Each structure stands twice: as structure tokens, then as C-alpha cells.
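Here is a short report on one protein chain.

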Amino acid sequence: MRASFFACLLLCSTQVFASERYNYESALDLFQQQEYGAAFIHLRHVLHDDPNNLPATLLLGSIMYQQARFFEAIYLFEEALSGGADINLVFSELLTSYQIAQQSDAILRLKGYSSLNSANRFDLLIAEVQVHLKHKDFTAAQQALEEAKRLRAPNDIAVINSETRLSIAKRKYDLAAELIAKSLAADAARAESWRLQGDVLRLQQALPDALEAYHTAYELAPDDPINMRSLSAAYIATGQVSQARKLLDQMADLGLQDPYLRFSRIFLTTISNDSTTAQAGLQTLQAELAALPISYFEQKPEQLYMRAASAYLLGNAEQALRDYEIYLQLVPDDLEALLVASEIHRNTRERTQTLRFLEQHQALVALSPQLLALQAQLALELERLEFAEKLILNARVRFPDFEPLLLLDSRIQQRLYGAEYAASMLQQPEVEQSARVVLRLALLAIEQQNFAQAKQLATQLVELEPTANNLHLMAGISLKSGDLATAEAVLNQIFEDEPKHFLAQLAQANIYLQTGQWALAEETLVDLLARQPRHMQVTTLLASAEFQLGKPQQAEKRLTELLNRQYYRPSLELLVQYYISVNQLDAALAIIQRALRQEFMEPQLLLLQARVYAMNNDFERARRTLGLIANQPSLTADIRFQLAQSYLIVNDTDLAATSLQALVQEYPEELLYRLEYVQLLLNTSDLAEANKQLERLMAMYPSEPNTYLLNAEFQRIQGNMAESVTFFNKSIALDPFFQRAWAGFYEISREPIYRDAFSNKATEYLSMHTDFHWLRRLLAEHSMNHQLYADAQVHYIELLANQVFSDDAMLLNNLAITLLEQDASAALVHATEAVRLTPNHAKRLTTLARALINTNQHEGALSRLRQAYSLDSSSDEVLYLTAVCLTHLNRPQEAKSLLNQLIARNGSIHYTEKATRLLSTL
């Protein structure tokens, strides 16, 4: 065996020194000059002649050690010792080699050498402390440390560092930090001390500082594989892949191929998207470790950790979790292992099971802010709000500077006490306004419908971190607030750098949907779905666009396939709305009840079910369903509010009023509840109480647009139209984009006396807000109501030029009407598109027929009119225009029959007179 090893070893060199004498003395001289290659050649010849030459074997082992070929050095040193060599000659190099090769048992075997001198015995005791700590034998470690102290002074750096290791193992991190500071003060050039400093900082969650300490250790001793290992692990943890890879490759070149090193290299290959190479490496590692019995891992638990990790990366989560749970029994205080196991547990188990798993390891969980956050998060998701609050308060006491705990605390307080209170927590002077805190505040502002503050916070967030995702948030807030111009401007800013930014394109699709550009929305969403075929939100939005584009079967199929694959509430709600719209109430009930099996007794779903029952005139079941909600404990104020609104659906206005009144009393500052209560009072003609509530509203919220809106409706109900207009104007003055106020004013302006008042006010605001397309559209409809076709035409053309509402069939139809007498060919283009978008709409078919008549296409017009008649046989206009077409097509008898039918109806005076005149010409 020994001869074959030497033969293999000696073949490694190809250098030839024929002119020199090959002997031990020459080799020793070259070794001292650090000419290791030349010394090797001399020793090759010496050992070839005498394989049992102890001095040559020892010297060759030292060369292997200097060249970082530690396993070969170990073999040579052990061969020399078996031949009777003095242990003290090789002790330091052999001990270091054992440590680098992680051969703990071999280190303990060195205790059998009674001839060790005092210095070497001390070093062995220090190494023994590390071995015992690895096996969690604190008693043996303490005994070895005490024995080492008897050989050296207590303030010896090696002793201090061993005490540091013992403190770390016992989780006394503050004491460990004090000890290592003492060690570094005594000798700041000792790599081991800096490495321990890194260990302490890492365990205290100060990873950037730990990385700096590890880097200092590496700079002081760059050839020490232990320093390489520590620094590479820190690089991996901080995402510095290329630096970590260099160190791991360097360690591999030293012949270190233990499972940790191999796993780390595979891990880096995985995150570098070289999946084929990574998969092969993982499978090889897993195959080697899978056959080993658990008893083997009792001595080498770190290899069980690698088996678990490789199983997880190979997609075998169950095997990984089993291995991690066994590993945690062997090494119960490995926090990193618990973090990984908890993540697997979270992804593969019910939340209650994961919560129990964490409770089983509570002592270790208490040391990790990440695990404490996970524990509180799970409690929050399980609606155990008081328990979650207790957990988070204890966690924040332990880790006051861990920002995720602060943000989670805000979420819990939001659920318990509302968004306003949660926001106040984050606005305390001692809370640093970091990007994550500002993001959370922006989301809370959105929940409170305070879009102005949300936009301000989003601007601050972009200044802190000008990332595409933060710009996307700003666009989303602008979108929610109705500021489409800002949203589009921000999205364009994102597209300049990332034309295919997924979330930005999704927001753009939302803008298209909001502005009625259904075809553009569909085009964008189809592209996004091709990139992420299982994206549930994209699928749902695409279905909504398809419904608008007259593709209901396609949309229904898309939503059904999604829900069969995975439960997704927005898809379910959209499909329910579709079934309601086409009066397929049984189908709507079926999928709601299916959803309730997923979310048992979920209030929102029950509210939806009650609505469908009511639409099906099954008011008894609807009331029973609402009763199931009302009897649930701890209903949120929002659910109670929706419940009050649902009582109106089942015509139970008394319960609705009682519920809203209770909400107003409990939450006197909540504007929404007070507004809805007043609206109900107006709807039920309880004008005396409505007037009282309006006076309170005016006193409490003198600058709230809704206050004036409700006053306007109050005056309208009492017949005071002039005062109503005054209040509508005040509401609009406070919020120029308040659509309900504009809509109320628009309804009153149907009366000719208020026609110009609305036109003038809308024109005034459009001159200041040219991108307020919704108002321009309303003004166009107002002009159509009063047959101001020229004015309407200008606004419609302006909207199309801005590419808004371009897929709106009603707009295109109305524009065609305004052009019929002025430009029949242009009218034909718009009318044709309107019919394409809504092919079974009688009035739009009629407009198209008129355009065809005006362009002398009477055959085509007649075909469209026949289709319109099949949809609406009561239309006098359709009968008259059909007679006109038949006249032009020289079919007078058919025309006369229709005209007589129209006159006999005694319907519209306008068309009766026109029919009479035409009949007289035939």
C-alpha cells in the first residue's frame, strides 16, 4: 500500500535535475529555500531507493502540507509516526491538516501520544475544545479548556478564543463579543480572532459586519481553507456569487471535497441557471448519501444536513423535511437548519402544523427574528390576532432593530385597530423611514383611500430606491386615484429601461381596461399570458377584456380552467358576475358553494351567495345566509358595513339602518359609514333625520366633497333644483375629478334650463384638466341628449385622438350619428366598428343602416334593418327606414305595407308623419 502510494505520488513531478546529487541534505536545503518542487525531486529519488526513510517521509509530508495537499500530508505523517517518528516533529502540521480535513476522531486520537511536549499538548487541548463543542459536549469542552488554562495564562489569546467558542456554543453572544474584543485588542493581526468575530456577528444577524470580519481573517491568512470556507459562506449569504465561487474553486483545488463544499458549489451552479450541471451534481451527492444509515450520521450530522438540502433542491421536499427533523434531533441548536426546515414546512404543510413545528423548537425560535416573524405571520394568517400580537410584542423586545418585525407588527395592529393606528406606529420619531417602512405607509394610505398621501409616499419611496418595482407602485397608486396621466407617465419611465417589465405592462393593461380600450388590453394581456401561462391575475383580467369584447364563451372557459386548476377568488368573483349578468344564477350558486368548501363560512363569499339568492327571488335563503354572517363572532367593521348594504338587497331597510347607525356610533370618525347612513335616509325618505345627519356632516367635514354631494341630492329630492346645482358645483370645486358629483349634475342638466350650466362648468374644467377623459365623454353624452351634435362630435373625435374609449361601441355609434348628415362615409366607418364590437344591438344596427342609406348602399342597409327588427320589432325608426330602403330598391308594395303598419301603430308622431309623407309619394 505504502509503496503504491509513493509510486503514484512521485509520478506527479516531471522536473529533472540530472546534474545534481539526489540526497536528503539537498532536499532539506531546497525546502528551507522554499524550492518545494526541486526538493520533491530529490526526495523522490531518496524514497525510491529507501521507502522506509523516516526523515525523507517527514520532509515530503511537510512539502505536501506547504502545497496545501492536506490529505497526502496526513497520509505521509501517519506513515512516519507508524514507523516510530517523534510526534512533536509533525504535530502542528498534522493537527492543522486534521482540522482542515474535519477529521475530529483523528484529533482525539492524538491524546494517546504521551510524549507530546507542553506547547503541543496545549494546542491539542485547544483543538479538543473545538471537537467537543462540535459534538455539543459542553462538559468535556470545559474540562479541556480548564486543563489548557493550567498550561498557559488565562489571558493567552488561544485561551480567550476557546472561551469565545464555548460562549458561542452556549448562545451567550454578548459574552462572546466581549471576549473576542479582548482578543483583538491583544493582537489585531491574528486571523483566528477575526474569524471568530465574524461568527459572533453572523449569529447576531449583522451579516455585512460579519462579512467584513471574515474578509479581514482571509487577508491575514489567505491560504487557510478554514478562512476560505467562512468567507465563502458569507459571500453566498450576501448574494456575492462570483466571489464565493472563486473561493470554493480554490478549496476544491486543495482536494477538499466534503459534502458541504460540494453542495455549496452545486448551489452556486443552481442560482447561475446552469440547471443541467447542478442537477447532475445534486443527484450524485444524493446517491452517495442516501444509502447511508442514520447511525452513520450520528457521528457526522453535517452530512445529513447536506443530504436534506440536496433532496430539497431536487424537489423531494418530504425526504428533505424528514432528514432535517432528524438532523435537528442530533443538532438541536442549528438555527440555520431550523430556518430551512421551517420554510419547507411552510410550503408543504398546513399553517397550523407549521406553527406547532415552530413551537416544538421554541427555545431556538426565540433566537431568530426571522422565525419569530414567521411564527407571528402564521398566527395572523390563522386569524389568531391576539396571539399574533403577543408574539410580535415579545419578538420586538428581543430584536427592536429588526425591521420586518416592525412591519409585521404594523400589519397586526392594522387588523386589530385599523389602518390609521397602524400608520401612526410607523410614523413615530424613533422609526427610521427606510424604503420598506415608506412602502408600508404607502400601502396603508391606499387602504385609507388617501391617495394624495399615498402618492407623496410613493414619490419618497422612488427617491430612496428608484427601482422599476417602486415606480410601478407609484403608477398603481396613480391608477387607483384616477390619475391616469401620471400613471402612464411613470409606466413610460419604466419602459424606457425595461420595455418588457411584466408588472408595468400589467398596470398598462389595467389602464386600457379602465379607459375602455378592450382590444389593446386584450393584446397586452395575451402577450403577458404567453410569458407566464399560469399567472392568475393576468388570466382573470384577460377574461374581463374578453367579456367586454363579446367573447363570453372564451372568457368563461378561461376562468373555469383556472378555477379547476387552482382556487383564485378574483376569478371566481368575475365568473359569478358573468353568470349573474346572463341570468345563470344556478351556475353562480354552484361555484360560490364550491368556493365555500375552500373558505368555509367566509363572510365575503356568503355575502355574494346572499346576493344571488336575492336575485333569484329566494329572499328567505338570502336572509338566512345574511344571518349566518351576522352570527359570526369578531366581524370586522368592513364586513358589518357590507352586511348592512346587503340588507337593502333583501328589502330589509330597518336592519340596514340599524346596522349603519351602530357603525356610525362605534366609529364616529369613519366618514364612509356616515355617508352611507345619510344616503339610506335619503333613499327611504327619512328627510328629517337625513337633514340632522347632513348638518353634522357639514360641521365635521366642511371640506369633504361627499358632504356637498349628499346635500345636493337632499335638495333635489325636495325639488330645489337650483340649490341642488349649487351644492353639486361646491362638491366639484373641492374635487374636480369627483365622478359621482359630475354624474348628479349631469342628470339634472337633462332639463333644458340647466343645459348650459353643465356645459359651461364641464368646459371650464376640461380647459384646466385636458386629460380628464371621463368628463369629456360625459360632456359628449350631454351634448347628444340635447341634440348638440356638432359639440358632441368634437368631443368624441378628441377622445379617439387620445386613444381612449376607442373600443367603446356606444361612443362610436354616437359619433356616427353626429356625422350622418355631414360626412356619411366617415359615419359608416364608425358605425361599422360599433356593430363589429356589439353585433346584436338593435340601435347600433339601425345607425349603420342609416349610414349605408346615406351612401346609397340600400341592399346592405336592408339586411341590417332586418337584423335590427329581429332584435326590436317595436322600433318605429326601423320600420320607417326599411320602407325607405324598399322604395329605393323599387319594391313599393312591400314599402306601402310597412308604412301602413307603422301608421296603424299610432306610435311616434315624428315617424308617423314621415311615414304618411312617404306613403303619399308611392
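## Chain overview

Of the 922 residues in the protein chain, 49% are buried (under 20% relative accessible area with a 1.4 Å probe, protein chains only; exposed is over 50%, partly exposed in between). The model is predicted: local features need pLDDT of at least 70, side-chain atom pairs count only at pLDDT 80 or more, and totals for chains, interfaces and linings use all residues. Residues are numbered from 1 along each chain as its sequence is written, and side-chain values use heavy atoms, with hydrogens and water left out.

The chain has 56 helices and zero strands (DSSP runs numbered from the N terminus: helices are H or I with at least four residues, strands E with at least two). Contacts (heavy atoms within 4.5 Å) with a separation of 6 or more come 51% from residues 24 or more positions apart.

## Helix pair α40 and α41

Helix α40 spans residues 637-649 and helix α41 residues 653-666. They pack at about 155°, axes 7 Å apart (lines fitted to C-alpha atoms over the stretch in contact; angles run from 0 to 180 degrees between N-to-C directions). The two helices are therefore roughly antiparallel (over 145 degrees).

On the α40 side, the contact includes F641, Y647 and L648. Among the α41 residues they meet as a group are L655, L660 and L663.

## Residue H132

H132 sits in helix α8, residues 118-134. Its relative accessibility is 13%, so H132 counts as buried. Leaving out residues up to four places away in sequence, H132 touches L108, D137, A140 and A141.

Notes
Angles under 35 degrees count as roughly parallel, over 145 as roughly antiparallel, 65 to 115 as roughly perpendicular and the rest as oblique.
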